[in-house]
Amino acid sequence: MKPTLKVRRSIQNIYNDFNNGKPEELEKLIVAWQFIKALPADHPNSFMTLGGFHGEPFVGRGAYDGSYWGGYCNHGNILFPTWHRVYLHKLEKALQSVPGCESVMLPYWDQTYKITKPDGSKEFLGVPPILTDEYFTFSNNVTIPNPLKSFVLPVALHDYVEVSSYSKPQGYETVRYPLSGLVGRPTDRAAAELNNSAYYIPGTNTINVKLTTQLLNDNVIGWLSGTVEIPGQFNPNNPLTPVGKFRGGVYDSYKKSLDAPCYTVFSNNTSRSEWNDPKYNNVNAQSLESPHGSIHLSVGGVNMPGQDANPNSPNPNVPSNANGDMGENETAGLDPIFFFHHCNVDRIFWMWQKKHNATTNLDLSVPGFPADQQYPGTNNEGQQPPVGYEPSEQLTMDSPLFPFKMVENGQERYFRSSDVFDIENQLGFTYESLSLDDTDQASALKLQASAPQEVHKSDKVLTINGINRAKINGSFVLSAYATIDGVRHFLGAEPVLSRWRVVACKNCLTHLEVSASFTLYQFTEDEIARAIFDVQINGRSGNEAEFAKFTVANQANANKLLTARAPGNMMLMADSLGKGLVAEAPMLMNSSAFNMQVS
């Protein structure tokens, strides 16, 4: 007889049960988290040990050689979903090792969970209160600091590779948007203190948690929905301010990732970008890693694209100085919310597997690509390899997933992706829901039926590549725009979850390129032919000069050049110093900063 599967549930549903007189599941979860956070830092089940596997504290060659990544996490390659699946499994086992908490399962933060507003409309919840509340009160009225809100470092983090940028002292408490936790150098600490002081309760040095929680939720909801309103009309004197409504938020990206044609393209951004290269095909795909990165940035301190240009932004003070721990690979794993986020990412991974009949095997072949060649993303070429890997090493579903070990036939060995294909038969659990829709299906279907549908006018795609993240400190977001008849339209955004000083890598001047693709379905062929495309990058403070290279500073000059274009020419060359646009060969745009192509 097949054993009963354990179930990973939505943290919000567990929280709802608690509020409705069923406290046991949430209370055990809280006890387990409190316990592993209090263990000695070097204990194998301590949160310091487990959280530190993702990035800092760096180990191995990456602790001193910037050409390598000092953490164990895999990003930008085919091991991204499976490595994180095993990571969650190990954290869950640590929670279950706590006496009395053997039944605890790691819940997922259902980022597409919606609530009903007083007017009957639906909106995304954002971050569940149980992940942001300062305190937790048990059903017996005992109150403790909420262990899911943050983590206080029991030992210092010493960054020896990136000029101490991400060093953090013992006693440091992790932070989220709109606060900054960049405290490694005196200049960083001063900027962080200035940023954080904007959120003090008046007359005190105490953070207004109610305010910062609301701002965090506003930002997360903006990223999820992709519908941040930009007020006013187009201003030719300030052409970088777009008008209208953004589209294509995280919710849409998650949905699109479920249609990825094969596991390799679905699994990571490197392989997806290769698939979306116009030289191969016109079928635009999305990877799981991309919307995953958007949530990291939304929690870790990067505004939803457009909010910086919005005078009604939820964070109009100094948003570029917000630097939360989820926003950089170095410290993301040390914020408890990381694991609830990645549990949701794993749930969507399982959804893709179920949809594509890939629960018992993950085929790495890519349609139309020769089997005897290495597809981008099946190795670490052009990246900083994680601990245990070399750049050119061919990755397979039997590659070891360092540092996680299991016992097989009495012998200890490293986990492999092939050990965790099937979460039900290999790991013994399943997920409460395999849907991206609101749990209130009737209301969701009613709203979907009444929602206006955008007309699909074109199959063309704007592709951007050649952006070198080695020159940019920290994570950032790449946004693309099209100006048509004087109106600047937002096409979409690509999050780039990076490290603080990628320039430490000796190979970064020629590698670590960022690519992105944006559909143009809402425009007619004639509108695309008249469009002026441009790129904008938003991220951490101190990068302004580099970001300026990607913006079109003189809209009037660009408009003059429209008349110089030959019939059918759909592309322009953007001067890397932002001096304007220059006519170029049809379909292609090149500069020292990036390349664009419409196809």
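Buried here means under 20% relative accessible area, exposed means over 50%, and partly exposed is whatever falls in between (1.4 Å probe, protein chains only). This is a predicted model, so local features need pLDDT of at least 70 and side-chain atom pairs count only at pLDDT 80 or more, while totals for chains, interfaces and linings use all residues. Residues are numbered from 1 along each chain as its sequence is written, and side-chain values use heavy atoms, with hydrogens and water left out.

**View 1. Asp 188 and Arg 185 meet through their side chains in a salt bridge, 2.9 Å from N to O.** A salt bridge is a side-chain nitrogen of Lys or Arg within 4 Å of a carboxyl oxygen of Asp or Glu. Asp 188 is buried, with a relative accessible area of 8%, whereas Arg 185, at 27%, counts as partly exposed. The whole structure holds 21 salt bridges.

**View 2. Arg 9 forms a salt bridge with Asp 17.** The closest N and O atoms are 2.9 Å apart. Arg 9 is buried at 16% relative accessible area, and Asp 17 is partly exposed at 21%.

**View 3. Arg 416 and Asp 398 make a salt bridge at 3.7 Å, N to O.** Arg 416 belongs to strand S9 (residues 411–416) and Asp 398 to the loop between H11 and strand S8 (400–408), so this pair links distant parts of the chain, 18 residues apart. Helices (H or I, at least four residues) and strands (E, at least two) are DSSP runs, numbered from the N terminus. Both partners count as partly exposed: Arg 416 at 25% and Asp 398 at 49%. Elsewhere, salt bridges with shared partners join Arg 8, Arg 85, Glu 92 and Asp 346 into one network.

View 4. Rings of Phe, Tyr and Trp (its six-membered ring) pair if their centres lie within 6.5 Å; planes under 30 degrees apart count as stacked, over 60 as edge-to-face and the rest as tilted. That rule gives 26 aromatic pairs. Tyr 263 and Phe 349 are a tilted one, 6.1 Å centre to centre with 40° between the planes. Phe 266 and Trp 352 have ring centres 4.9 Å apart and planes at 15°, so they're stacked. Phe 266 is in H8 and Trp 352 in H11, so this pair also ties together parts 86 residues apart in sequence.

**View 5. Leu 26 is among the residues with the most contacts inside the largest nonpolar core.** Such a core is a set of buried Ala, Val, Leu, Ile, Met, Phe, Trp, Tyr and Cys residues joined through side-chain atoms within 4.5 Å. H11 gives the most to the core, with 11 residues. Leaving aside neighbours within four places in sequence, Leu 26 is in contact (heavy atoms within 4.5 Å) with residues including Ile 11, Phe 18 and Phe 136.

**View 6. Residues 228–236 have pLDDT under 50.** pLDDT is the predictor's confidence in each residue, from 0 to 100. The model has 29 contacts for this stretch beyond four places in sequence. Where pLDDT is low, the predicted coordinates should not be read in detail.
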